[in-house]
Every structure is written in structure tokens, then in C-alpha cells.
There are 2 protein chains.
Amino acid sequence: MLLLKELPTPKSLEKFAARYPDTDIQAISDFVSLLRASADISQALDRLLARYGLLQGRWWILVLLLRQDNLSSSPTDLAEKAGVTKASITGFIDSLEREGFVQRLPSADDRRKYQIRLTAAGLQKLDEIIPDYNRKIAGLMSALSLDERHDLLSLMKRLVANLEAMQ
Amino acid sequence: MLLLKELPTPKSLEKFAARYPDTDIQAISDFVSLLRASADISQALDRLLARYGLLQGRWWILVLLLRQDNLSSSPTDLAEKAGVTKASITGFIDSLEREGFVQRLPSADDRRKYQIRLTAAGLQKLDEIIPDYNRKIAGLMSALSLDERHDLLSLMKRLVANLEAMQ
DNA sequence: ACAAAACATTATGGTTCCTAACTAGATGGA
DNA sequence: TCCATCTAGTTAGGAACCATAATGTTTTGT
């Protein structure tokens, strides 16, 4: 994710507004700052996961599997929950299987289907990461009180709810 | 960006906390929700830009050039401002140059250097996108009052300031 | 003069993600 | 029953984004 280090300055915003007169400078400036802060947070997570040889793609697949009762799920289900195509899931599974973190198990009732199951090694990997992850995330979020976090999420969700206006 | 559609449910969080006892469930849940909202917003921008054949990488490079006085900058400067390596900038410039949006101009004083300049076509492309971009972003941000936006950014910045605690 | 530093590129590869085409298997109606 | 159709998953091919390492060229500093 390209993360703009250089936020717009008052001077560059003026210049921008001069060329594009109807600009709501404040809105643009706030939007860019928000994107930048979001990207910083996402990148920090990437850095944390990278210490364990993962990035967000494969991490979230492992987390989705951990949530399941029998630590397993189907590619189609994972695709829906992760918000990517089935073809993309195949790639993630290939990569995770190569490292021994998941297994493809044939389905008893339908021979087209597979169950993707977290292996003992995959669970062990999560056991290695998650205590650290928990500590780091709790540390991060402790910058805000519970009420402030609630406000933050509520404001973000109102923005997200208004995204359709962007289409 | 893999965007987890399926946020943790109370049940899956319980399960999580059972295996990892010191979990601050609320912190994890808030963090994941925040990432998800951020990703939604970033994706909406991608979709907007995609209608004009751009994605965020090349878009931000064009915006950085637009901010410059003579619509030009050096690869090194762009790399710093965009937060990527110079090698990555070379790729962006190659792609933008192929489409005629920027030009590489030799530098008068130093033959190692180039100036990357926005061409007339590049400026025209921005003129095509930015009025729509302005309208859409203003529409999005209008979901919140100025005070609320200020609060949102202030909360986000406090989180970002605490990111070092994650390392 | 010459070593060191700076600028940009090339080479190479990894990750994430897509669409389109395909195979294998299941299903449902004639 | 049989065949068209649907579903599950993979393969093929490619694009965007981004990094490290090595390289060539030019400038700078001593």
C-alpha cells in the first residue's frame, strides 16, 4: 500500500483550490489524513506479522480457520468471509499448505469439495503469534479509553455507511 | 488488500479468549473493526480511481507532481514523499510515462538526475478526475460535522502516535 | 587523482489479487 | 435414465505493487 508520507500543506491545498475552484479543502485534507493514519496502522500490523513470516493475507485465513469449530472450512466459505475470489483462496491455501499450516481434506459427501483444516503446525504457529499479537494490540488500543474507542468506531462506521454516496 | 468481511462474533471471540486467556477481547474486536472500516474506505477510493484507469499507487504520484511548483520532481524526492524505494518509483514512472502522463527530463546541473514532469496529458487526466474526486470526497466527509471529523482525526492520530508501542 | 557518495536503473522475486477457461462431480427435470 | 445445467475448485495468465541487491554513471570531497 502506497502510503503518502507527505500530507498536503496549506500552501499545496491553496494551489489545488486555485485550479479546482469548487474544492472543499477541509474535506480533502481530512480524507487524506484519515487514509494516511489508516495505512500507518495497517502497516504496523504487517510489520508485526512479518516477524513471524506472515502478511495479512495468509494471517486472516489462519484466523478465519481458528474461528471455526473444527478448525476447518471450505474454500468457497473462506472466499466469502475473506472477501476475495475462490481463485485467490486457492493461492493462499497453496502457500499455507506448502508451509504445513493447513491441510486439504477430501469431503465425504461431495467429491468436488475439500475441507481446509488448520494443522497442528498451523495451530502452533498461531499459538506463537497470538499472545504477542494480543499484547501489542491491547497496548496500541490502550491509547484510547473505552469511550473514545467507541466514539472512533462509531464515527468510522458512519463514514463507511456513507461510502455508497461515493459510487 | 484482503478485507475481512466476517468480523469476529461474540462467540468466536469467546473461543479465542478461551485458548488465549490474557486476551483483551474488546481491544482485539475494536482493532479488527477499525482495520475493516479503513480498508472499506481505501477500497472505495480504489474503485473511484479505477474508473479512470488508475489505482492509488500511480494516483498519488500524479498528485505529488501536481503539488510541485513546476509540476516536476525527482525520483528520489518522490520516493521520500511517497514512502517507497527509488526502485519502486522507477516502476511507477515507467508506467505513467508509457501512458504519456509524465516525462523524464534530464537535469541541467547534474547528469545523474532526472526531473519527472507532469505532461499536458497528465494534467488533463487530473482535470478529468479531480472535480469528480472532489465531489465524491466532499460527499463522503459530509457524513460528519467539522467537529466530528476533527474528533475522528484526533483519535486516529493518538492511535498512530502509540504505534511505536507495537514494535 | 581517486575513493566515496549519490542518483537512478535493472534484475529478480514475492505477495496479493483478478478474469477466463477448464475439469470433475452433483443435480434435477424430461 | 440421461443429459443439460449447476456447483466446487483449480489452472493459466496477467497486473499492480513493492522489496533487496547489484550495476552503471556522475558528482563530490579530500
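Which helices each supply at least two residues of the negative patch? Thanks for coming, everyone; let me answer that and then walk you through the rest. The helices are α7 (146-161) of chain A together with α7 (146-161) of chain B.

Before the details, some housekeeping. This is a predicted model, in which local features need pLDDT of at least 70, side-chain atom pairs count only at pLDDT 80 or more, and totals for chains, interfaces and linings use all residues. Residues are numbered from 1 along each chain as its sequence is written, chains are lettered from A and ligands numbered from 1 in the order in which they are written, and side-chain values use heavy atoms, with hydrogens and water left out.

Back to the patch. On the surface, negative charge gathers at Asp147(A), Asp151(A), Asp147(B) and Asp151(B). A patch takes residues with over 30% relative accessible area and no salt bridge, joining like charges within 9 Å and nonpolar side chains (Val, Leu, Ile, Met, Phe, Trp, Tyr) within 5 Å. Asp and Glu count as negative and Lys and Arg as positive, while His and the chain ends are not counted. Each charge is placed at NZ of Lys, CZ of Arg, CG of Asp or CD of Glu. Asp147(B) sits in helix α7 of chain B, and its relative accessible area of 60% makes it exposed. For that word, exposed is over 50%, buried is under 20%, and partly exposed is in between, with a 1.4 Å probe and protein chains only. The areas themselves come from the Shrake-Rupley method, and for residues only the protein chains shown count as cover.

Now chain A as a whole. You can count seven helices and three strands in it, in the order α-α-α-β-α-α-β-β-α-α along the sequence. Helices here are DSSP runs of H or I with at least four residues, strands are E runs of at least two, and both are numbered from the N terminus. Chain A has a radius of gyration of 21 Å, whereas a compact globule of 167 residues would have one near 15 Å. That radius is taken over C-alpha atoms, and the globule rule is 2.2 Å times the number of residues to the power 0.38. Along the principal axes, the C-alpha atoms of chain A fill a box of roughly 65 × 35 × 30 Å. Of the 167 residues in chain A, 51% are buried.

Next, the salt bridges. In chain A, Asp94(A), Glu97(A) and Arg104(A) form a salt-bridge network. Within it, Arg104(A) meets Glu97(A) at 2.7 Å, N to O; Arg104(A) is partly exposed at 26%, and Glu97(A) is partly exposed at 32%.

Over in chain B, Arg58(B) and Glu99(B) pair at 2.3 Å, N to O. This pair links distant parts of the chain, 41 residues apart: Arg58(B) is in helix α3, and Glu99(B) is in the loop between α5 (86-98) and β2 (102-106). Arg58(B) is buried at 17%, while Glu99(B) is partly exposed at 40%.

One last stop: the backbone. Most residues other than glycine have a negative phi. Leu71(A) has a positive phi, near 60°, in the loop between α3 (56-67) and β1 (72-73) of chain A. Leu71(B) also has a positive phi, near 60°, and is found in the loop between α3 (56-67) and β1 (72-73) of chain B.

Technical notes. Accessible areas come from the Shrake-Rupley method with a 1.4 Å probe; for residues, only the protein chains shown count as cover. A salt bridge is a side-chain nitrogen of Lys or Arg within 4 Å of a carboxyl oxygen of Asp or Glu.
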